[in-house]
Amino acid sequence: MISITVTALVFGVIFLAELPDKTALAGLVLGTRYRASYVFAGVAAAFLLHAVLAVAAGSVLTLLPQQIVHALTGVLFLGGAAILLLKKDEDEEEIRKPADQSFWKVAGTGFMLILVAEFGDLTQIMTANLAARYDDPISVGLGAVLGLWAVAGLGIVGGKALMRRVPLRLITQIAALLMLGLGVWSLYEAVAG
């Protein structure tokens with residue numbers, strides 16, 4: 001059974017945390033150079049793989065006693081909030097242009113770029129934390145994938161317009177505030193439970 005509440009919460013947290021990330025910018029750059037649907041196919045496949053790996057890692061954490069899981073996820077959320085608040089703005093990275101514009105070349109370029117850039121990234125760690133926190137791998141995985149796909153879609157087709165209207169720093173601060181709240185709540189549950 002899928003929990004709409006958990007899915008929505010995970011979607012919001014992952015969406016906000018991924019917006020200021022370099023992969024949103026990479027999707028924007030790829031989308032300006034290649035057919036958007038080809039880019040999205042590759043990027044979406046890579047994000048799906050990352051979410052599955054993160055949920056699997058988080059599910060392993062649920063085997064630990066609840067107080068330890070709450071304490072661990074609380075500390076990791078607080079660390080994630082600190083990373084978001086302290087990181088410098090991302091610079092546009094040069095992306096190698098494939099020799100041809102075929103589906104497999106363009107999708108492959110998007111897939112490999114995200115696969116490498118996102119491995120061990122903050123949103124992957126957050127997804128693992130949320131999977132451990134809620135012990136609902138399907139809802140967490142669905143929320144994370146949809147959040148990542150939404151950011152990728154925005155980055156590919158309309159990232160420039162969004163970033164002109166909503167300051168990147170504000171998006172980063174909202175994501176950090178959400179993670180800070182989740183961290184404090186998790187630590188409270190560890191101590192109170």
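A salt bridge here is a side-chain nitrogen of Lys or Arg within 4 Å of a carboxyl oxygen of Asp or Glu. The model is predicted, and it holds one salt bridge. Arg133 and Glu189 form it, with their closest N and O atoms 2.8 Å apart. That distance falls within the 4 Å cut-off, so the pair counts. The partners sit 56 residues apart and link distant parts of the chain. Arg133 belongs to helix α6 (residues 122-134), while Glu189 lies in helix α8 (residues 168-192).

Next, helix packing. Two packed helices are described by the angle between their axes and the distance between the axes. For helix α3 (residues 36-61) and helix α5 (residues 103-118), the axes come within 7 Å and cross at roughly 35 degrees. The crossing is right-handed. On the α3 side, the contact includes Tyr38, Val39, Ala41, Gly42, Phe47 and His50. From α5, the contributors include Phe103, Val106, Gly110, Phe111, Ile114 and Glu118. Sorted by class, this contact has 14 nonpolar, three polar and one charged residues.

Now the surface. Ile2, Ile4, Ile138, Leu142 and Leu146 make a nonpolar patch of about 470 Å². Helix α7 (residues 137-165) gives the largest share of the patch, three residues. Ile4 is found in helix α1 (residues 4-18).

Terms used:
Residues numbered from 1 in each chain as written. Predicted model: local features only at pLDDT ≥ 70, side-chain atom pairs only at ≥ 80, totals over all residues. Heavy atoms only, no water. Axes fitted to C-alpha atoms, helices over the stretch in contact; angles between N-to-C directions. Helix = DSSP H or I, 4+ residues; strand = E, 2+ residues; numbered from the N terminus. Left-handed = near helix turned anticlockwise from the far one by under 90°. Contact = heavy atoms within 4.5 Å. Nonpolar A, V, L, I, M, F, W, Y, C, P; charged D, E, K, R; others polar. Patch = residues over 30% accessible without salt bridge, like charges linked within 9 Å, V, L, I, M, F, W, Y side chains within 5 Å. Areas by Shrake-Rupley, 256 points an atom, 1.4 Å probe, with all protein chains shown as cover.
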